[in-house]
Amino acid sequence: MRTELLQYIDGLDAEDLPAYVYDLSDLREHVTGIRAALPERVQLLYAAKANSDPRLLTVLSDHVDGFEVASGGELHHIQTTCPGTPIAFGGPGKTPAELEQALQAGVDRLHIESEQELHLLTGLLVERTVDVLLRVNLPIALGPVALAMGGRPSPFGLDPGHLDRCLALIADEPRIRLRGIHVHLASGLDATAHLDLAAQVLTWASEWAKENGLELAEVNLGGGMGVDYARPDRRFDWAAFGTGLRRLLEGHPGLTLRIEPGRSVTVHCGRYVTEVLDIKRSRGHAFAVLRGGTHHLRTPATKQHDQPFTIVPADSWDQPWERPQAQNEPVTLVGQLCTPKDVLARSVQVGRLRVGDKIAFAMAGAYAWNISHHDFLMHPAPRFHHLDHAPVPARPHP
Ligand SMILES: Cc1ncc(COP(=O)(O)O)c(C=O)c1O
């Protein structure tokens, strides 16, 4: 952890906790690196569902080619937070009202999930045009991945066998401009696995376009760039991914690729910081009860992992009784909820952990606060802190 960040966390008072602390400088540096690693013919969109905190979006908007949204709510949020940034609208079950909203907003791309969506769209296109990608669920074997959204029966995208009917509908509606295909098959892929998938997708897409006499302008490879919650210091290998995409593009002149990662972009910049309220033993096992819990940071419950953390020791103790502690032993970190599922990390070996010490959970910048069940038990919400050490741009002399 950066020294400034550690100092900041150390300086937080008990009444400031729990808190989400976002390191905007880290985010800026990270997304700048991602952009630099990608070839020119790859457009970078950020999947807003991973974390749509306005301050994060504002930092990202200077470095991405656009945002991917998956609801009318996200669309409105991006329009108001980052006006003018191109938006791609995807996701299943778009309502007629959302499609109308997308058309009125003049979205850059609409990712079509089904034939039903195309029919709905056709009825709304009075004197308006729209650029679409057809989202396809390709029959590609995925191997072990964190979250599969395709390559098997799935509510996401269209089976290749259903594309002909979509092409027929599009042929009858010149206001729908087909630009290519979209594929988001899995989350949690490393760079090698993602490139392997990309190669298979491009082979399939070029053959499909050729068979149908179409010009393939664009392929969106989705998100799903993996991160390792057991190795918070390690990031997705963007350099290798960029090099691989450059090589793939050599075989496809005129094609533009798009990617729409979420987790791998923002996960590292966020920390959930809290304090140890109690340490107790049950049948010989140590439990540290923390202020807050999975109603603020649901990620370890949904992914069934140990959220990585750093102990930030607090040395002062002014109570007359002995300070409860765990020493050189495995400890399970739990929250304040009345459910055995409220576990943030299980049986993790610690050197020393005491009541009053702070815990800074890492990798809490994506699918964390925004996917959590905030109102369960009505504990107070966390505070949100945004640290930014970016040099203030020099003011021009008057
Ligand atoms: C269509 C689509 N694109 C992009 C993403 C972002 O994926 P990730 O956050 O794993 O990069 C998702 C996540 O579910 C998605 O469904």
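Modeller: The domain assignment, which comes from an automatic or database source, gives domain 1 (86-261) and domain 2 (268-387). Residues are numbered from 1 along each chain as its sequence is written. This is a predicted model, in which local features need pLDDT of at least 70 and side-chain atom pairs count only at pLDDT 80 or more, while totals for chains, interfaces and linings use all residues.

Colleague: How many residues of domain 2 are in contact with domain 1?

Modeller: Contact requires C-beta atoms, placed from the backbone, to lie within 7 Å. The domain centres, taken over C-alpha atoms, are separated by 38 Å. On the domain 1 side there are 4 residues in contact, and on the domain 2 side there are 7.

Colleague: Which residue of β4 stands opposite glutamate 68?

Modeller: Strands are DSSP runs (E, at least two residues), numbered from the N terminus. Strand β3 (residues 66-69) includes Glu68, and β3 runs parallel to strand β4 (residues 87-89), joined by 3 bridges; pairing needs at least two DSSP bridges. The residue of β4 opposite glutamate 68 is alanine 88.

Colleague: How do the residues of the shell around the ligand divide into nonpolar, polar and charged?

Modeller: The shell takes residues whose C-beta atom, placed from the backbone, lies within 6 Å, and 15 residues surround the ligand, Ala47 and Arg263 being among the closest. Ala, Val, Leu, Ile, Met, Phe, Trp, Tyr, Cys and Pro count as nonpolar, Asp, Glu, Lys and Arg as charged, and the others, Gly among them, as polar. The division is 4 nonpolar, 8 polar and 3 charged.

Terms used. Contact = placed C-beta atoms within 7 Å. Buried ≥ 20, exposed ≤ 12 C-beta atoms within 10 Å, placed from the backbone. Helix = DSSP H or I, 4+ residues; strand = E, 2+ residues; numbered from the N terminus.
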